[in-house]
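Please look over this model with me before you read on.

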Amino acid sequence: MSEHYQNLSLANPEANELSGSQKLFLALGLTGLFILVLALVNVQFPYKAIWLLASIALILVGVIGYSRASYKSLPGIHNNGVFFKSMSGRGVWAWSLGVVLTALYVFLYWLPGYLGLGQDGAGNTGLVGFFDPLSYFLNGHAATQWFVYGTLYTLAILAFGYKFILKYRHNKYQVIRTISVMFFQLALAFLLPEILTKLNPTVPYFSKDIKNMWPLNYYFFEDWHLTAMLKGGNLGKWMLYFGLAMIFIGSPILTYFFGKRWYCSWVCGCGGLAETAGDPFRQLSSKKLSAWKFERWSVHFVLVFVVLMTIAVLYTFLSSDANSGFITREIFTWGMVILLSAIIATIWIFKRKSLDKDARYTMVSLGVIVVGTMVLNFSMNATNIFFIDSNLLRSVYGFLIGAAFSGVVGVGFYPLMGSRVWCRFGCPMAAILGLQQKLFSRFRITTNAGQCISCGNCSTYCEMGIDVRAYAQKGENIVRSSCVGCGICAAVCPRGVLKLENGDRSTRFEQDPIQINRDGISVID
Amino acid sequence: MTKQRDSATEHIVIIGNGIAGITCAREVRKKSAKRITVISGESEFFFSRTALMYVYMGHMKFDHIQPYEDNFWRKNRIELVQAWVKQIDPAAKKVELQNGTAISYDKLVIATGSQPNKTGVTGEQLKGVLGMYSKQDLEHLEELTGGCKHAVIVGGGLIGIELAEMLHSRKIGVTFIVRENGFWGSILPPEEAALINRHIREHGIDLRLATTVTDIAGDAAGRVSSVVTNTGERIDCQVVGLTTGVSPNIGVIENSGIHARKGVLVNTFLETNIKDIYAIGDCAEQTSAIGLRKPVEAVWYTGRIMGETLANTLCGERSEYAPGHWFNSAKFFDIEYQTYGWVFARPLEYEAQFFWQHPDGKKSLRFSFHRNTRKFLGVVSLGIRLRQEFFNAFLDQDHSIDTVIRYLRKANFDPEFYERHETVIQAAFKSKHQLHAQQV
């Protein structure tokens, strides 16, 4: 049976035939990309700046023109042929793109020399060198591989953001949300940090992307970064205080009112790419129960890892810098012990019932181990707070999570595992916001009583792999920690069953009593 | 040979794995440890019939329209038998299968759904002429699609428009032949039908209203080649979709002594004339109609409610089928349709209606209320999502149309940031029907 339908999904190539204008704009966009490839293989361009601009312009025009040609039909849901197309249906093109993206990330993180980054003080060549003019213009320095990456990343969000807006032009929530991610990427993640760097040429490097919060920005509390911010004048101190305020005050408040969507699908750069360039792949996320189980372990493992790593790194930073007039090791240790105990106690006392058994056991046993280790180590006057060298922890995290998971797997595997692999299985920020969303938020997806026909569009197009239908067909509200609030489930629902809402917390978990229509009695699965 | 088993271990056999049969099986499992067997020839696992169109259109794969993972059934001890039923033997309490085996039951549930209506037009048996109901129909359509440049769809109802959308998504030209003066004219009031007519044509479908097919012609190979309409026009085509409604699929009860008219006759407890045999879903016909409902309801939602109700009965709590307030929904290309309560295409004599249409011609709302008491009776919406909870509560409490109009804002279920129309609608209502202060 399933074999038959596998054939079915490959059938009918006519559905993918490109129109004349699609071909034209595809050619323009590919020409833009080709210029970058030529730069990569060290073709020397005269008037580099003009060629670079031409390349960027061609890519933009290509994507915009192609999108306009693709969504010429009436406003509405445009998912015809999604599973027939090679690119969005895990075909040859998808695998090829996956390999290219993965390779790109490997070079970015570990072999930037091959991209043309000047080694040992030498000037840039190749692709990185090709971006020098733009880099000098924006930040006053030669380009790095990360500048190239940031530029292309922003370009992708803008170009494919336009495509997404066109695709969902009938849906104002989608349009506004996409304008938001495009704005935050262009202005706050890309332009502002570059300009601030140019205006403050003497300060050491620290993150100037104010929306890139800890723990997504895992190095925020690392010694070199704290030192850089502290020595970074008013700008550095402002970044430090703003960062702390967002972590401890801004983000919990916003999550309380709007759920984690205020960040994950409206502001975040990773989310921004997933929602725009990653949109053609959203349906590839696994909806299996086993995937959900794995997700809960992996994402919380990363969260625990980053918390421990950060505590360890801070502890080492403080001990080696005891006279800086900063908090002492002792205050820090007891502060952390109290903070962690307070968080665990609060959840245990007020929210125990909202957590599954495995989550409760894990949380409490982890808490005991962590706090115990800290106290023990501190009383032994050790230089490391968790028996392990904090530098080792940090480099393992940076390699495994920061680079391999979020970059190589996170984006490289878009065409095979969907656009939110990192957000779902790895992002510690998503884990924290998810806990808040599940336990202390007004956000939920409301289901419209009995109108669900179990068609599965909502589950299929959920990029986070939530089996939305499982709730909708029971008339249950959806309150899941992983939901990023993209709103696509509600958009693709053909019966108007789903609605993203912020409302009274007391009714959040209620099952709709109208499901059965028999004296208000409802049956719960 | 039938020995009386105690109710905890008795064997419930359900024929049909659609929404009615499967809901019944799941609910019985939740309430009891009885042995449950579901028989279906159509598919190995339960799938959402209403979603077949999305598989053809490439929105989903077949796996996606199966709401439960394959191991769900074993985990929940629901035995699945993929076979067609030959006949039922109530005396021996046995279901005979076409593969020659038989399954004994203690209680039998018939949930065999519908089958597409035949029209009686000559040429119906030609290759390329099909209905669109089952998984097999979809596979059949997939086979026919390759050589198809143009298709004719006969019958302007829900399945007809879905089939039009399906074929259109594969860039096949579609002529859509509708007997009435507007799409789904028996259910949609004229203004709504006109709105949908426009939308169908806007998508490039060749919609022919007030037209019928008099003949389906084939080529030498026995494959359909054209249809002829009542105006004498001949339309060349390679596929003909017959979508003139569905009727109960009750072949399995032949010679069993189970009473039937159009469908298997049941009382309000969903019991047939033979003890321990029940019928639910599309294939069941109420001996006397419940309220304003039709005796046969071929609707997803009623199938589900019947399945839930019967599960109670099977588990010892004899329950009456009480479906509550009528509701339904559909999607016509890009325009969503929802209805709650009763609004008739040709208003009944006590019924007053208020219609509002957005200037863009793609959204509308129609309210029905009692012309004397002003009691709210129902609503039909196109292009605006409405909250079922709201209307159920208002229908439950016999509120007036005035209260509904006054609180209309709360009825909206559209996504955030969508344009809101309540103020305009309230003003339009006031100018036409006045807004009374008191409630019913």
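1. A word on the source comes first. This is a predicted model. Keep that in mind for each point below.

2. Start with the largest nonpolar core. The core holds 233 residues. Those with the most contacts inside it are Cys489(A), Cys24(B), Val109(B), Ile110(B), Val240(B), Val264(B) and Ile280(B). Helix H13 of chain A, residues 289-319, gives this core its largest share, 13 residues.

3. Which residues is Val109(B) in contact with, leaving aside its neighbours within four places in sequence? The partners are Ile12(B), Ile14(B), Ile15(B), Gly21(B), Cys24(B), Tyr278(B), Ile280(B) and Leu310(B).

4. Next, a helix pair in chain A. Helix H2 spans residues 20-40, and helix H3 spans residues 48-70. Their axes are 7 Å apart, and the packing angle is about 155°. Angles over 145 degrees count as roughly antiparallel, so H2(A) is roughly antiparallel to H3(A). The crossing of this pair is left-handed. Their contact is made up of 15 nonpolar and 9 polar residues, with no charged ones.

5. Compare your picture of that pair with H4(A) and H16(A). H4 covers residues 92-110 of chain A, and H16 covers residues 390-412. The two axes come within 8 Å and cross at roughly 155°. That angle makes H4(A) roughly antiparallel to H16(A). Here the crossing is right-handed. On the H4(A) side, the residues that meet H16(A) are Gly98(A), Leu101(A), Thr102(A), Tyr105(A), Val106(A), Leu108(A) and Tyr109(A). On the H16(A) side, they are Ala403(A), Gly407(A), Val408(A), Val411(A) and Gly412(A). The contact has 8 nonpolar, 4 polar and no charged residues.

6. One more pair: H7(A), residues 145-167, and H8(A), residues 172-199. Are these two helices roughly parallel or roughly antiparallel? Their axes come within 10 Å and cross at roughly 165°. H7(A) is therefore roughly antiparallel to H8(A). The crossing is left-handed. Gly150(A), Thr154(A) and Ile157(A) are among the H7(A) residues in this contact. Val175(A), Thr178(A) and Val181(A) are among those from H8(A). By class, the contact has 9 nonpolar, 5 polar and no charged residues.

7. Move on to where the chains meet. Chain A gives 50 residues to the contact, and chain B gives 50 residues. On the chain A side, the elements with two or more residues are helix H1 (2-10), H8, helix H20 (457-460) and strand E2 (498-502). H1(A) provides the largest share, 5 residues. This side of chain A has 22 nonpolar, 20 polar and 8 charged residues.

8. Two residues share one loop in chain A. Cys452(A) sits in the loop between strand E1 (443-447) and H20. Ser454(A) is also found between E1 and H20. Is Cys452(A) buried or exposed? Cys452(A) is buried, because 27 other C-beta atoms lie within 10 Å. Leaving aside neighbours within four places in sequence, Cys452(A) is in contact with Thr447(A), Ala472(A), Gln473(A), Arg495(A) and Val497(A). Ser454(A) is buried too, with 24 other C-beta atoms within 10 Å.

9. Check the backbone angles as well. Ser454(A) has a phi near 55°, a positive value in a residue other than glycine. Asp398(B) is not a glycine either, yet its phi is positive, about 50°. Asp398(B) is in the loop between helix H8 (388-396) and helix H9 (401-406) of chain B. It counts as partly exposed, because it has 13 C-beta neighbours inside 10 Å.

10. Finally, a peptide bond. The bond from Trp214(A) to Pro215(A) is cis, with omega near 5°. Pro215(A) lies in the loop between H8 and helix H9 (223-230) of chain A.

Methods. Residues numbered from 1 in each chain as written. Chains lettered and ligands numbered in written order. Predicted model: local features only at pLDDT ≥ 70, side-chain atom pairs only at ≥ 80, totals over all residues. Core = buried A, V, L, I, M, F, W, Y, C linked by C-beta atoms within 7 Å. Buried ≥ 20, exposed ≤ 12 C-beta atoms within 10 Å, placed from the backbone. Helix = DSSP H or I, 4+ residues; strand = E, 2+ residues; numbered from the N terminus. Contact = placed C-beta atoms within 7 Å. Axes fitted to C-alpha atoms, helices over the stretch in contact; angles between N-to-C directions. Parallel < 35°, antiparallel > 145°, perpendicular 65-115°, else oblique. Left-handed = near helix turned anticlockwise from the far one by under 90°. Nonpolar A, V, L, I, M, F, W, Y, C, P; charged D, E, K, R; others polar.
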